Amino acid sequence: MFWQKDIETMPRARLEELQLERLRAMVDYATRNVPFYAKRLGEAGVTAEKIKCLSDLQYIPFTTKDDIRDNYPFGLFGAPMERIVRLHASSGTTGKPTVVGYTKNDLNNWSDQVARIAVAAGVTEKDIFQISFGYGLFTGALGLHYGLEKIGATVIPASSGNTEKQLMLLRDCGVTGLVSTPSYALYMGECAREAGYPMQEYKLRIGLFGSEGCTPEMRAQIEGVWGLFATDNYGLSEIMGPGVSGECEHRCGLHFAEDHFLPEIIDPATLQPLPAGETGELVITTLTKEGIPMLRYRTKDISRLNYEPCACGRTHVRMDKVKGRTDDMLKIRGVNVFPSQIESALVGMEHIGPHYLLVVRRENYADTLEVQVELTGAELLEKYSELEKLQQKIREKLKSVLGLQCKITLVEPKTIERFQGKAKRIVDLRGEGK
Ligand code: DLL
């Protein structure tokens with residue numbers, strides 16, 4: 001099923017023509033309306049006329065989160081405030097937030113982009129969706145909200161928190177679709193099992209999960225608990241919010257809304273564009289955004305682009321599930337470690353739950369990685385030799401996946417913190433001399 005079939009299945013040659021046309025217009029728009037871009041592009045000698053093909057994108061300077069912060073709050077806006085109808089801000093916890101603005105056209109495009117990924121996952125107007133993202137400056141809740149309403153689905157703006165009430169709404173309203181982070185969906189599942197109602201009383205059939213990574217192993221657990229079909233969707237507030245890319249029913253990569261966003265992969269060390277098919281940092285240029293145009297925004301997310309045609313008929317490029325962030329990547333004794341690798345190795349192992357915490361320390365000038373893993377039942381705590389065997393098994397598995405010796409700590413059920421928004425799984429104590 002498609003939301004905007006003509007666009008989603010547009011032949012690539014035509015799509016690329018459209019992108020080129022829009023890229024030129026965007027460079028012109030940014031130069032005329034945003035003094036920051038006028039200066040940056042001027043210094044780099046880039047003008048709309050000089051862009052002859054899509055690969056000329058490489059001459060445009062990058063934009064970073066710091067650029068947005070340095071121009072706080074509205075310095076990068078491309079439209080005057082009377083045309084801005086909504087503000088959002090990023091979920092970052094340090095310093096000033098990055099504020100983004102939307103015109104009416106932006107909101108209209110945004111809801112279509114979200115509707116596309118929802119319909120691609122199988123959502124119809126008959127669905128009743130509970131949105132368990134926090135409503136507020138975060139783009140997740142309102143982004144999904146308007147996209148789902150546009151399709152005609154019923155939307156319950158439950159927001160995050162109060163898990164008991166969430167479960168009551170799911171049951172009493174016959175909710176068929178859930179929007180949340182994958183970690184919260186898993187936590188709700190745990191609570192639902194404990195609440196004692198038969199799981200058959202829940203009617204959930206589709207989960208639209210995003211805003212944080214979710215390994216296939218973790219997804220299988222969520223699907224197992226709820227008996228639903230889950231898809232992954234990606235986005236970031238600096239570019240729009242959710243709806244930048246999302247999986248179709250084949251779940252073999254996230255289709256990018258390429259008529260609105262132009263993706264590239266660069267080497268984060270050399271900043272050079274990488275050839276198609278290589279893994280690196282995702283960089284995005286908005287092609288239609290008026291409120292806050294972004295030219296070559298460095299997302300810090302690690303992914304790969306796949307231009308092979310997809311069985312669903314969509315022609316828009318697929319990005320791999322985000323492997324991690326360049327700033328999430330842990331360097332432990334010279335080895336690059338992504339939390340997602342650890343998650344894949346742990347989830348599904350017998351006796352342990354899907355919740356974990358990574359603690360990095362510096363001891364005697366060497367980095368150490370402690371992996372805290374939660375037991376599913378307390379009975380094993382009594383059996384010391386069994387515990388040791390399990391620890392050994394996890395240690396060996398991680399050694400073979402990461403090539404690194406880790407300290408494994410098994411902790412009692414329900415002791416690792418649960419999150420209603422994005423999960424925080426890393427505690428890095430190296431800067432604290434511990
Ligand atoms: O998280 C937008 C969003 C909301 C996307 C709801 C999907 C669903 P920010 O708060 O600005 O925006 O955070 C953006 O979150 O750069 C990624 O590192 C991460 N992220 C978002 N979606 C995914 C995903 C929203 N599906 C940052 N998989 C991004 C992995 C994701 N990471």
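I count two strands as paired if DSSP finds at least two bridges between them. Helices (H or I, at least four residues) and strands (E, at least two) are DSSP runs, numbered from the N terminus. This is a predicted model, so I note that local features need pLDDT of at least 70, side-chain atom pairs count only at pLDDT 80 or more, and totals for chains, interfaces and linings use all residues. Residues are numbered from 1 along each chain as its sequence is written, and side-chain values use heavy atoms, with hydrogens and water left out.

**Entry 1: strand E6**

I began with the pairing of E5 and E6. Strand E5 (residues 177–180) runs parallel to E6, and 4 bridges join them. Opposite isoleucine 206 of E6 I found glycine 177. Between E5 and E6 the chain passes through helix H8 (residues 182–195), in a right-handed β-α-β crossover. Right-handed here means that, with the strands pointing away from the viewer, the path from the first strand over the helix to the second runs clockwise.

E6 also pairs with strand E7 (residues 229–236), again in the parallel sense, over 5 bridges. Alanine 230 in E7 faces glycine 207. From E6 to E7 the chain goes by way of helix H9 (residues 216–226), and this β-α-β crossover is right-handed.

Is E6 mostly covered or mostly open? It is mostly covered: 5 of the 5 residues in E6 (206–210) are buried. For me, buried is under 20% relative accessible area, exposed is over 50%, and partly exposed is in between (1.4 Å probe, protein chains only). Ile206, Leu208 and Gly210 point one way from the strand, while Gly207 and Phe209 point the other way.

**Entry 2: helix H3**

Which residues of H3 (residues 35–44) are buried? I found Phe36, Tyr37 and Leu41. They line one face of the helix, because seen down the axis of H3 they fall within an arc of 110°; the arc is that of the directions from the helix axis to the C-beta atoms. Pro35, Lys39 and Glu43 are exposed on the other side of H3. The buried residues pack against helix H2 (12–33) and helix H4 (65–70). After H3 comes glycine 45, with a positive phi near 70°.

**Entry 3: the cores**

A nonpolar core is a set of buried Ala, Val, Leu, Ile, Met, Phe, Trp, Tyr and Cys residues joined through side-chain atoms within 4.5 Å. The largest has 63 residues, and Ile60, Leu208 and Ile284 are among those with the most contacts inside it. A separate core of 25 residues includes Val337, Leu387, Leu398 and Ile408.

I then checked isoleucine 60 for contacts (heavy atoms within 4.5 Å). Leaving aside neighbours within four places in sequence, its partners include Leu23, Val27, Leu41 and Leu295.

**Entry 4: strand E18**

In E18 (residues 366–375), 8 of the 10 residues are buried, so the strand is largely enclosed by the rest of the structure. Strand E17 (residues 352–363) runs antiparallel to E18, with 9 bridges joining them. Glutamate 363 is opposite alanine 366. The hairpin has 2 residues between its strands, and asparagine 364 there takes a positive phi near 50°.

E18 pairs in the parallel sense with strand E19 (residues 407–411) over 5 bridges. Glutamate 374 has valine 411 of E19 as its bridge partner. The chain gets from E18 to E19 through helix H11 (residues 384–402), and this β-α-β crossover is right-handed.
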